[in-house]
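Visitor: I'm new to this one, so please pick a single part and take me through it slowly.

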Amino acid sequence: MLEEMIRRALDENDGEIAQVPLLRYIGPAVRSADIRAVVDSMPDVVSYFGDPQEGGRCPLIHRLLRKSDVLEFIASKGFRYSEDDGVPNSTEVRYYLAEKPREDARQERAAVERKRWEEQSAKAEESRQRAEHYARHMKLCREWGNANGFTVGTRGAIPKAVRKAYKEATGVEL
């Protein structure tokens, strides 16, 4: 990721180091053909990232990275203790830059799936309640019909006349 950014920055600025903070930081070594070796030998890059409010200099990459975010992510993956508040090294930064977007995408997919599951569960619950309500009123309609002189069986369809009379008496339509 960092290697690609260095190459892109060099291409966009015709190899002029002074125009890009990232290239200025790396210095003349960036003119080397083996940019991977340069990236691997970089000292603690995160010290240059910093939050402007915390006195950080300038973001080297196109987005601002906070040391605390990198440390928290690295600790969540088990590579550091959560109490360790030292400066992350360049390997940890590269890992953060490569894996954090993937982790965010996984969490977003999980949230979407969780929401879909909750919606399905809510629909199923609503359907169950409607069916329960209908079954309860069918039973009450049969009892009401038998109590009010209609002939209603214990199973099967309830005659239309009974349903109409039940609706007039209770206000519940079946």
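**Salt bridges and a helix crossing**

Guide: Let's start with Lys-167, which is partly exposed at a relative accessible area of 39%. On this scale, buried means under 20% relative accessible area, exposed means over 50%, and partly exposed lies in between, using a 1.4 Å probe and protein chains only. A quick word on the source: this is a predicted model, where local features need pLDDT of at least 70, side-chain atom pairs count only at pLDDT 80 or more, and totals for chains, interfaces and linings use all residues. Residues are numbered from 1 along each chain as its sequence is written, and side-chain values use heavy atoms, with hydrogens and water left out.

Back to Lys-167: its side chain meets that of Glu-173 in a salt bridge, 3.3 Å from N to O. That term means a side-chain nitrogen of Lys or Arg within 4 Å of a carboxyl oxygen of Asp or Glu. Side chains of opposite charge can pair when their charged atoms come close. Glu-173 counts as exposed, at 59% relative accessibility.

Arg-128 and Glu-125 pair up at 2.4 Å, N to O. They sit three residues apart in helix 5, which puts about one helical turn between them. Both are partly exposed, Arg-128 at 40% and Glu-125 at 33%.

Glu-103 and Arg-106 repeat that spacing in helix 5, three residues and about one turn apart. Their closest N and O atoms are 2.9 Å apart. Here Glu-103 is buried at 16%, while Arg-106 is partly exposed at 38%. Lys-77 joins these two in a network of salt bridges.

Now for the crossing. Helices here are DSSP runs (H or I, at least four residues), numbered from the N terminus.

Where they meet (heavy atoms within 4.5 Å), helix 5 brings residues including His-137 and Trp-144, and helix 6 brings Arg-163 and Tyr-166, among others.

Methods. Helices (H or I, at least four residues) and strands (E, at least two) are DSSP runs, numbered from the N terminus.
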